[in-house]
Amino acid sequence: MYYNVINAWAFWYLFHSFQNPLPWAACPLNSNHTGYIEECEKASSTQYFWYRKTLNISPSIEENGSIQWEQAMCLILAWLTVYLCILRGTESTGKVVYLTASLPYLVLIIYLIKALTLHGAVNGLVYMFTPKLEQLANPKAWINAATQIFFSLGLGFGSLIAFASYNEPNNNCEKHAIIVSLINSTTSVFASIVTFSIYGFKATFNYENCLNKAMLLLTNAFDLEEGFLTADNLNHMKEQLMATHPNEYVELLPQIKNCSLEAELDTAVQGTGLAFIVYSEAIKNMEVSQLYSVLYFFMLLMLGIGSMLGNTAAILTPLTDSKFLSTHLPKEVISGIVCFINCIVGLTFTMEAGNYWFDIFNDYAATLSLLLIVLVEIIAVCYVYGLRRFEKDLHLMIGHKLSWYWKIMWAFASPLLIISLFIFYITDYILTGTLQYQAWDATQGHLVTKDYPSYALAVIGLLVASSTMCIPLGALAIFIKRRLKREHRSTVA
């Protein structure tokens, strides 16, 4: 329901990428044309374009506002694109995935060449590869890492099972599992190098811009010789000016920001903020910014559509395989109904408070529930169906016996790791206390922390329950069904 909103935003930014200059390159003028809009000045041009022009976000989740029709049209376009890709069923969807999976690599290679030549890229790479051992004691870091792996590999969503159901019986799934895992991890590191190179460029640009403003301010205020202040002697000169001209320096102090490259690099952003604010801010400072903007948001769109095809395949495969539905409705109609319902519900995320609801779905719909679902899958295969029976099935498929490594990973290591992550998650939830969210404060031009209202907490609980309750409810339904069959047989006998 919610994931395709990212594709809607990608379409929105892609369409605006053809403008010269880019619409997020500078703050717009106010109504009197005497200066810039106050909200944009307090934030930044990229933040203003994201929070005001794109989302037109409300001050809190409690103020729903109206549907933003530009975003709604982009969402309809995103769902129409997905529908056209899945129109012929899961078999044809696999062919579309070849395109949506390969094109981003081409764009990433182009971006890698550009990113490594950017000023300050090395600062980002040093920051990326410098380990922070204190983060190993942070449960949130492990939860985020596990969630990332689950999302990137598609574990627990059903999409892998849906696509695999069309494989040949003698498919070498062991080889493919290793290849997919290696490609996934390599791609993550590759994409991270590109991201942190651009992130280093952005941080260095902001840091040097901060230094230049401070040097210009001090040069004008104390009538210093032009070029006298440099990045190397700035801190020393600050101390000297404070000692020799204390009154003048104190008056000027509120306007002088503490410039720190480390602080700029530490302002880590993730999710939509990284995709639509940090990258767009870096792109606007590149040469031929329109070209790199089109390439980036086209890549983002391809990745988003690829993910959506997997998500929809997980839903459509059991529906189209159902004898009851397939005899009454063709595949195209079933796919159309699923896309239409999701599109209508997804319009909720195009309201002024839609981004807050998007964050709820993104943070809670597939975190704790994913851990539980994958844990149940492992227990079901290893301990209910039986590891020996599963091993025989794989032997029949791949033609040779599995090594001890796989058995240890499935039977012991994986369940233990997931249970540990589950404990981390619950511990983090208890320590956090009341769940909070980041709301946009237009008067201050930055995000502020607020508590979720009671009905939002109820939705969070419902989201977690809805994706996990199908397991015990399904087990109960099968138990009742078998019980009724036994009673029917005994009655007949």
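Helices here are DSSP runs of H or I with at least four residues, numbered from the N terminus. This is a predicted model, where local features need pLDDT of at least 70, side-chain atom pairs count only at pLDDT 80 or more, and totals for chains, interfaces and linings use all residues. Residues are numbered from 1 along each chain as its sequence is written, and side-chain values use heavy atoms, leaving out hydrogens and water.

So which helix gives the most to the lining of the second largest pocket? That's α20, with 4 residues. Two elements give two or more residues to this lining: α19 (404-432) and α20. Among the lining residues are Tyr-425, Tyr-429, Leu-457 and Gly-461. The lining splits into 9 nonpolar, 1 polar and no charged (Ala, Val, Leu, Ile, Met, Phe, Trp, Tyr, Cys and Pro count as nonpolar, Asp, Glu, Lys and Arg as charged, and the others, Gly among them, as polar).

## α20 against α21

Helix α20 (residues 454-468) packs with helix α21 (residues 470-492) at an angle of about 40 degrees. The pair is therefore oblique (angles under 35 degrees are roughly parallel, over 145 roughly antiparallel, 65 to 115 roughly perpendicular, and the rest oblique).

On the α20 side, Ser-466, Ser-467 and Thr-468 make the contact, meeting Cys-470, Ile-471 and Pro-472 of α21 (contact means heavy atoms within 4.5 Å). These residues come out as 3 nonpolar, 3 polar and no charged.

## Thr-219

Over in helix α9 (residues 173-221) sits Thr-219. Thr-219 counts as buried because its relative accessibility is 14% (buried is under 20% relative accessible area, exposed over 50%, partly exposed in between, with a 1.4 Å probe and protein chains only). Neighbours within four places in sequence aside, Thr-219 touches Leu-224, Glu-225 and Leu-229.

Key
Axes are lines fitted to C-alpha atoms, for helices over the stretch in contact, and angles run from 0 to 180 degrees between N-to-C directions. On a 1 Å grid over the protein atoms alone, a cavity is a set of points where a 1.4 Å probe fits but cannot get out, and a pocket is an open set with protein on both sides within 12 Å along at least five of seven lines; lining residues have an atom within 4 Å of a point.
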